[in-house]
Amino acid sequence: MSLSSTSESAARRGPAGIRLDQVSKRFRGGVLAVSDVDLEVKPGEFMVLVGPSGCGKSTLLRMIAGLEDVTSGHVYIGEKDVTLDLPQKRDVAMVFQSYALYPRMSVRRNMAFGLRMRGTDRIERERRVDQVAEVLGLGPLLDRRPAALSGGQRQRVAMGRAIVREPQAFLMDEPLSNLDAKLRVSMRAQLSLLHQRLGTTTVYVTHDQVEAMTLGQRVAVLREGVLQQCDTPQNLFRHPVNLFVAAFIGSPSMNFVRANVERRVVRFADLEIPLARAVPDGPVVLGVRPTAFAPADRDGWPSLTITPEVVEDLGDERYVIFEVAARRVDTDATRAALDARSADEVTLLADARARFTARLPGDALATIGEPLTVSVDPARLYFFDPDTGAAL
Amino acid sequence: MSTRVETPAPAPEASAATEVVLRRPRSKWAPYITTGRYIALFALACFFLMPVWALLLTALKDPAEVSVVRMWELPRSFSLETFRIVWPELKEGFVNSMLLAIPASLISSMLGAMNGFVLSKWRFPGADVVFPLILFGMFIPYQAILIPMYQVMKSTGLVGGLDGLILVHVIYGLPITTLIFRSYFTGISDELIEASKVDGAGMLRTFFFVALPVAPPAFAVSMIWQFTSSWNDFLFGVLLTSREYWPITVALNNIAGGQTIPFNQSMASALLASVPTLLVYVLLGRFFMRGLMAGALKG
């Protein structure tokens, strides 16, 4: 059941890359939605655009599709400058958030529509539709109208409609966001498999950083129309370029506190941690991943004594939440990053004090209210400029 | 229909503020109020249907039985004799009106659909100016354009036949059909149109393959409106057509307007003349209810 063998046209062309060159979008009324974005999607790559709502990620995708005019800059698909091409002239397929199935056509006709519009002959059309339908398990549904399908089935039809086209690239605009949580996770895995099998260049928009990290070969983080960082999920997690990316990527999110660096020692609250690397002296925002904590005294790791306020037991691991005697870091960047997360992760207690989350092994001893000593990996501390938010 | 709505609100009590009141307590007058309301509605409906009642009764009476004094009495015998008498007079007008109203409503609905589509879903620069201009057409009274229109039609040689009358009705219907379709298409998801663009369809194919198939409810409204207004039109018909192309309204006027015509014949003619519009309402009306967009979106 291989699709790639039948995709002669796609195979002949090979997957195409997409290049955005200084692309900006200013809407009528003056809102700058996308600002000077340079981005290169390699042929066959799965690129995820992620960011909080209103960050311009969907606008960027729609500019690649040609559904939105480019104010300045150029869009290339393959080697061709398509900046001024109409969407129907660009060989890309799009999966919409609402699926946008043609309501008066059967599933079969929905899937064949793109081929029909491009003049593929009837026999070839039917062959391709049948094949894709088989792969996606849509065979029994081919003669139904979209109204007679469930949400997950509609989603697969929308996916199938894109695949049948064998386009140079897939553009997906939050295609999983209307599915329930369980279905979303399984669809996510299937999407990864599908991409491995087809090898088609894909640009995928989501506001969910977990989806971005799990699906993307590379992830581009956007904020207020500006590309913050584009890198592999590993690098985004390990080397965030600024406070926003650091706060946005990773679950649970990074802990932040205002601190002071002086002669290779960072001080905050009543704690001191000697540094493993040189950081310029002065005030900083210190970031610590919950996973940088370990129980008791590790060799060479600085330790601190904390009082757990909340202990969340997840079996294999426990999250210990404790208060730090310092002010909470509340900048635009951290707020924007938090807004983009699901509501349950947003701080419930509007408290000026900083709270840290530490991830400890499931067998680590932690009791609410009883002092506990934990150690911190000094190599995994992050420092940010308190004014610009840039990583130091 | 819920009687709950009618019940007067209970006096606000201290406890009412704190507890959620799901059902208001029923007043002991509630049943009487409901009954009274239905009686009033029934009486009003009867009042408004009186002319129709008189029309039906008189048209179905035997010609010998008709008199003003006994207008409200039921016919002693059911008779279609009157229809048989007036039909030959009306037949020509009836056929003419069919030949006029069907193409006029189809063409203006189709053009309205195209207008509505480009004004809502395939917008062009200046669409915001063009749409109000088209709408202006709705507010120009027939009488204001009568003379210039007649002159234009005369100079183009379109006076006398049905073709000119059809053209006039098509053009006169455009503002309202454009409005109907524009409003309807505005309610359709933009993503549907965008999906079609990305799938490779241009403006015409998007219109015919994607927009038009979901538009039957708008067609129903537009067709009913256009059919009724071109069927019922008298002024343009009498002005622009010669005798052999007179629509039914003109023929009806000749029967009903005459002094010596027995009024049972007027009634029967009026009934015959209104049958097609009634049929159009009945046949197309059910499309209002149908949700033809079902299934397009996540739902």
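Biologist: At what angle do the axes of helix 2 and helix 5 of chain B cross, and within what distance do they come?

Modeller: Two packed helices are described by the angle between their axes and the distance between the axes. Here helix 2 (residues 81-120) and helix 5 (residues 162-186) of chain B have axes that come within 6 Å and cross at roughly 40°. Helices (H or I, at least four residues) and strands (E, at least two) are DSSP runs, numbered from the N terminus. Axes are lines fitted to C-alpha atoms, for helices over the stretch in contact, and angles run from 0 to 180 degrees between N-to-C directions. This is a predicted model, in which local features need pLDDT of at least 70 and side-chain atom pairs count only at pLDDT 80 or more, while totals for chains, interfaces and linings use all residues. Residues are numbered from 1 along each chain as its sequence is written, and chains are lettered from A and ligands numbered from 1 in the order in which they are written.

Biologist: Which hand does the crossing of helix 2 and helix 5 of chain B have?

Modeller: A crossing is left-handed if the near helix is turned anticlockwise from the far one by less than a right angle, and right-handed if clockwise. Helix 2 of chain B crosses helix 5 of chain B in the right-handed sense. The residues of their contact comprise 18 nonpolar, 12 polar and 1 charged. Ala, Val, Leu, Ile, Met, Phe, Trp, Tyr, Cys and Pro count as nonpolar, Asp, Glu, Lys and Arg as charged, and the others, Gly among them, as polar.

Biologist: Which domains does the domain assignment of chain B give?

Modeller: Domain bounds come from an automatic or database domain assignment. For chain B, the assignment gives domain 1 (12-70) and domain 2 (83-295). Their contact takes 6 residues from domain 1 and 7 residues from domain 2; two residues are in contact if their C-beta atoms, placed from the backbone, lie within 7 Å. On the side of domain 1 of chain B that touches domain 2, there are 4 nonpolar, 1 polar and 1 charged residues. The centres of the two domains, taken over C-alpha atoms, are 34 Å apart.

Biologist: In what order do the 4 strands of the open sheet in chain A stand?

Modeller: Strands of a sheet pair through backbone hydrogen bonds, either parallel or antiparallel. In chain A, the order is 2-1-4-5 and the pairing is antiparallel. Two strands pair if DSSP finds at least two bridges between them. Strand 2 (32-41) and strand 5 (80-81) of chain A are at the edges with a single partner strand each, so one side of each has no neighbour in the sheet. Strand 1 (residues 18-26) and strand 4 (residues 72-77) of chain A pair over 5 bridges, and A:Ile18 stands opposite A:Ile77 in strand 4.

Biologist: Why does A:Gly73 count as partly exposed?

Modeller: A residue is buried if 20 or more other C-beta atoms lie within 10 Å of its own, exposed if 12 or fewer, and partly exposed in between, with C-beta atoms placed from the backbone. A:Gly73 has 18 C-beta neighbours inside 10 Å and therefore counts as partly exposed. A:Gly73 belongs to strand 4 of chain A. Leaving aside neighbours within four places in sequence, the contacts of A:Gly73 include A:Leu20 and A:Val23.

Biologist: How many residues of chain A are in contact with chain B?

Modeller: 27 residues of chain A are in contact with 23 residues of chain B. The side of chain A that touches chain B has 18 nonpolar, 5 polar and 4 charged residues.
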